[in-house]
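Subject: Handover of the structure

Dear colleague,

I am passing the structure below on to you, and would ask you to look through it before reading the notes that follow.

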Amino acid sequence: MSTTDPKPRAPHAEEMAQRTLRRRTWRAYGLHTLMVLLSFTMVLPFLWMFLTSLKPLAEVGLPDWMPSRFIWSNYVQVFEVIPFARFYWNSIFVASWVTFLQVFTSALAAFSFSRLQWPGRDKVFFLYLGTMMLPGIIMMVPNYQIMIHLGLVDTMPGLIIPASFSAFGTFLLRQFMLTIPSSLDEAAEIDGASKWRVFWDIILPLARPGLITLTIFTFISNYNSMFWPLVMMRSVEKYTLPVGLLFFDSTRGQSTHLLMAAVTMSVLPMIVLFVLLQKYLVKGIQMGGVKG
Amino acid sequence: MRRLFFTILAILTAASIFTLWINPEVHSPYPIVYWVTDPNPARDEQIALFHQWLEDNDYPRMTLRLDTANHRIEKKIIQGVSGVAGDVMDVPSGGGMRYFRSIGLLRDITEPALQMGFDPSQTFSSMLPEITYQGRQYMFPCNVYTHLVWVNLDSIEEAGLPPPPLQWDLDTFEEYGKRYVAAVNPPDRRQTRFFINTLQTPQLRRSLGLDTFNETLTACILDDPRNVKILERIRKWREVDRILPTAEDEASFATEAGYEGPVMQLFNAGNYAMFLMGRYALIQLREFGNLNLSVSHPPHGGYPNVTAGTRSAGIYTASEHPELAYYFLKFLASEEYNMQIVRDGDALPPNPAFTRTEAFLRPPDYPNEWGLHERFSEAVRDLGIGHSYSPYVLFAQVMRNINNTEAGFTARVFTAEEAARITAERINREIQRTLREHPEMREDYERRLAIQAKIDERRAAGLPVPLEWIENPFYQRYYANMGWLEQ
C-alpha cells in the first residue's frame, strides 16, 4: 500500500510554530491577569462602599474593611431618615425628561448642521460649539436670573428646560450623521420625501447607535447632576438624589454608613444601564473623543 | 421610531402628572419664611418648636421652611446676588459674616435686636467680634462653640497614666504624650495609636501672647519667633515624639473625609486617646454608648485661652419678610430654643444663662457626661476669645495663607522661619491690595497706624495703654490679664 503522506514539515519549523503559539498563549494569560488586577482597582471603591453600608457608625472609617456584624437595617434606615424614595423618583424623572428632550433637540440640530445646506451653517455650528468652552459656573448666575424671570425657580421644569439643549449632544450626533451616505437622502427626496420625512424615517433610524450613546451620556450626567439642582431647588420634597444625600453630612457629623447605603442603592440604575449598553458607551467615547 | 417617540412621550407625560400629584405646590395660610441652613434632622424639631413658640406667645404667625444650602456657599451667593435668597441665613463665623456683609447680603439688625431682645448682651461676651462689625450687629448665634480636648479615660488608664489635668502647659502635655505612645504601641510594629489627633496653631500661638494681627488689626505679625517656636514644636510632636499623627498616618487611617472625618471612630477604637472638638462631638459620641470620658483644655504656653466661635443666623438684605424673620432671631435667644440645644448637645446654647441649668450640667440620660459640660461653658465664659478679623483682609484669605505656608513647612518646602515670614508677607500684601482697591479705607487705616505706633512706643517703654486703642479682641483680653491697660 502506497502512502501519500504530505511532505513532512521540518521539525524545526513545527517547533518554532508551537513555541510561538505557546508564547502567544502566555502573553494572553499575562495580559488578562494584568487586566483583571487593574479592573480590581476599579471595583475596590464599590466594594468599600458596599461593606461600609453594612457597618455600624462606630466602625466607619476604621482600617478594617469588614464589618464586625452586617447591619442590613442601614438600608431600611435610609428610607426612615430622608424621603429617599421621593429623591430617587425625582432624579429618575428629571434625568428621563432631560434625556428625552436633549436627544430630540440635539438630533434636530445635528440634522440641520450635517444634512441641510444653509448660509453660515458651519460658522453657526462653531459658535454653538464655542459654548462648550465656557465653564458651567460662569453661566450659573445668568441662567439662574433667567429662571427667576420665567418663574421656574424651585420647579421641576426649572431643572429640565435648561438642560434640554446641548452643544455636546449636537456635536456627537452631527459627527454620527456625517458618516451616513448622502445618497440615501437624495434617493428619498427623488421619491418625494420631505426634509422632515428624511430626518424622521431615514436618518434617525440609521443614527440609532449615536442616539443610544447620547441617551446614556445624558441620562448619567443628569442623574448625577448636583450643583444646578442644589441652586434651583428650595423645597426639600423636590430634591434630587445627589442633593438629598447631603442630609447625611451635616453639622451633626457624617452618617457615612447610611450615606453609603443610599449611594449603593442610587448607583444601581447606572450599573444596570452600563451593563446593558456598554458597547454603545465605548463607541460613543471613540466617536466623540470624550470621557462621558 | 415614531412609535417609540410617542410611547416615551406618553410615559413621561404620565410621570409628570404623578410627580405633580406627589409634589403639590406649597400653600400656607401664613407668610413663608425660608431658613438657609444645613440639612440636619434637628432642624425639623427646631422648626416645630419655633411654630409652637410663636403660637404660645401670640406672635405673628408664619411658616418657617428649610432651604438646606449650607454645604455650598456658591448657592447662597448666587441666590443672594439674584435677590431671592432665604430670609434667614446661617453664617458659619464672624469671617463669613464679614464676607456676606461686604457683598451686601446681610441686613444690619442692631435696632431690632435691641428692641426685641436678641442683642449681644443675650449671648457670651466673646461672641461680640463674631456677630458685630464696627459696632453694628449682623447676626445672633445659633450655637456657640470652643474646641477642647476630649479624653478617652480608658485609653489613658491602659497606658498606666493618671487622668490629664484640666489645664496643662506644653511641656506637661508633651511628657504625657510621650509616655502614652511609648506604653501603648508595641516597639516592633508600625505605630497606630496616637495621643491626640490635632492641635490648632492659632490657639497655641495665642497662648504665647501672639495673635495673627497686631493690636489695631492693621498688620499680620506672624513673622515672630513665637510662631516659629510653635511650628517647630508641632513638627517635633508629629515626627520625633510621634504623639500627633503625620499626614501619612492620617491618610492610612482615613478612608473617608466627611465632616471632621472618622476622628471619633478612631477615638472610640483607641487609635486616638484624645481629640480636639467642641461639645457638639456629643451628638455622635452618644451613639457609641457610654464612653469613659473627660475633657481638658488644649495645652498652653503660659497664657491659657480658648478660641470661641459660632454658627449664627443673619437676615438677608432683600428678605420679603424681615419683620417676621426677626422673630426667628428672637427665638434663638429664647428658653425653648436654648434648651433644645442643651438637650441635643449641639455645642453650647447661645444664651449662657442656660448653661447653668440642671439639664445642661447633669443630663439624666447620660450620667457619664456629668461634670464635662461645664468645662465647655466655663472655658468660653472665662477663657474664650473670638477670632481677630482685620477689616482690610478677608478671613478666608488669611486662613488660606496660614494653612498653605504651614503645609509647606510640614512638607519641608519652607523652614519654620520662612513659613512665618512668608505668611506675614502674603497677608500684609493682601492688606495693601485692599487699601489700593478701596482708597476710602485709607483714612481709617492711617488713624489706626498712628495709634499702633503709640502702642508700640508705650509698650517699649513698659507703659500701659488705654483699652480703647486696642481693636484686636485677643489683645484686649491679653493686655487686661497682663496688667498692661491704663486704669
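In helix H14 of chain B, the residues B:Pro322, B:Leu324, B:Ala325, B:Tyr326, B:Tyr327, B:Phe328, B:Leu329, B:Phe331 and B:Leu332 are buried, where buried means under 20% relative accessible area, exposed over 50%, and partly exposed in between, with a 1.4 Å probe and protein chains only. Because nine of the eleven residues of this helix (residues 322–332) are buried, H14 of chain B is largely enclosed by the rest of the structure; helices here are DSSP runs of H or I with at least four residues, and strands are runs of E with at least two, numbered from the N terminus.

Please keep in mind that this is a predicted model, in which local features need pLDDT of at least 70 and side-chain atom pairs count only at pLDDT 80 or more, while totals for chains, interfaces and linings use all residues. Residues are numbered from 1 along each chain as its sequence is written, chains are lettered from A and ligands numbered from 1 in the order in which they are written, and side-chain values use heavy atoms, with hydrogens and water left out.

On confidence, chain B averages a pLDDT (the predictor's confidence in each residue, from 0 to 100) of 93, and 97% of its residues score at least 70. Within chain B, the lowest confidence is in helix H11 (residues 247–253), with a mean of 83, whereas the highest is in strand E5 (residues 136–137), at 98. For the complex, the predictor gives an ipTM of 0.76 and a pTM of 0.84.

Turning to the interface, 47 residues of chain A are in contact with 55 residues of chain B, contact meaning heavy atoms within 4.5 Å. Three salt bridges are found across this interface by the rule, which asks for a side-chain nitrogen of Lys or Arg within 4 Å of a carboxyl oxygen of Asp or Glu. A:Asp201 and B:Arg2 form a salt bridge, with their closest N and O atoms 3.7 Å apart.

Two loop residues of chain B also deserve a look. B:Ala347, in the loop between helix H15 (335–344) and helix H16 (358–361), has a phi near 65 degrees, a positive value in a residue other than glycine, and is buried, with a relative accessible area of 1%. B:Arg412 lies in the loop between helix H18 (395–410) and helix H19 (416–437); its phi is likewise positive, near 65 degrees, but B:Arg412 counts as exposed, at 55% relative accessibility.

With best regards
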